[in-house]
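Subject: Structure for you to look at

Dear colleague,

I am handing over the structure that we talked about, and below it I have written down what was found. Please keep the view open while you read.

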Amino acid sequence: MADNGTRPYGSLRPTNDSVSPEQRAARQTRGKRSVEFGAAWLIGGLLVIVVTFGQVHGMGAHFVTWAPGLYGIHRIVAGLQLLAKCRDPGLADRLADRT
């Protein structure tokens, strides 16, 4: 389906061009925090994995907790996407048009 500039039911997707500089700065700060928070979760998750694997080495049963590491990766990716949208105003529209 080609996008001819009109949306169903007259709805238009807001662009980043209409975002004030204060809102853009707030989103950029939120993106940076998300990346930092995700990195902390990822490092903590890797520590849990290493400690858990080290404690049961040779016992036959391995219980490894992957959730903190995966959550950290998710937060990092979400933060990087938010930062990319803040730096490139048209990115949100181009990504939405692909779907």
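Where does Trp-66 lie? Trp-66 is in the loop that runs between α1 (21–55) and α2 (67–87), where helices (H or I, at least four residues) and strands (E, at least two) are DSSP runs, numbered from the N terminus.

A word on the source: this is a predicted model, in which local features need pLDDT of at least 70 and side-chain atom pairs count only at pLDDT 80 or more, while totals for chains, interfaces and linings use all residues. Residues are numbered from 1 along each chain as its sequence is written, and side-chain values use heavy atoms, with hydrogens and water left out.

The chain as a whole has three helices and zero strands, and of its 99 residues, 19% are buried, a word that stands for under 20% relative accessible area, whereas exposed stands for over 50% and partly exposed for what is in between (1.4 Å probe, protein chains only).

The buried residues of α2 are Pro-68, Gly-69, Gly-72, Ile-76, Gly-79, Leu-83 and Cys-86. They are on the same side of α2, because they cover an arc of only 105 degrees around the axis, the arc being that of the directions from the helix axis to the C-beta atoms. In general, an α-helix has 3.6 residues a turn, so residues three or four places apart point the same way. The buried residues of α2 pack against α1, while Ala-67, Leu-70 and His-74 are exposed on the other side of α2.

Arg-87, which also lies in helix α2, counts as exposed because its relative accessibility is 59%. Although Arg-87 and Gln-28 are 59 residues apart in sequence, their C-alpha atoms are 8.4 Å apart in space.

Finally, let us return to Trp-66, which is exposed, with a relative accessible area of 53%. Together with Leu-70, Ile-73 and Val-77, Trp-66 makes a nonpolar surface patch of about 410 Å². Accessible areas come from the Shrake-Rupley method with a 1.4 Å probe, and for residues only the protein chains shown count as cover.

Key:
Patches are made of residues with over 30% relative accessible area and no salt bridge: like charges are joined within 9 Å, nonpolar side chains (Val, Leu, Ile, Met, Phe, Trp, Tyr) within 5 Å. A salt bridge is a side-chain nitrogen of Lys or Arg within 4 Å of a carboxyl oxygen of Asp or Glu. Contact means heavy atoms within 4.5 Å.
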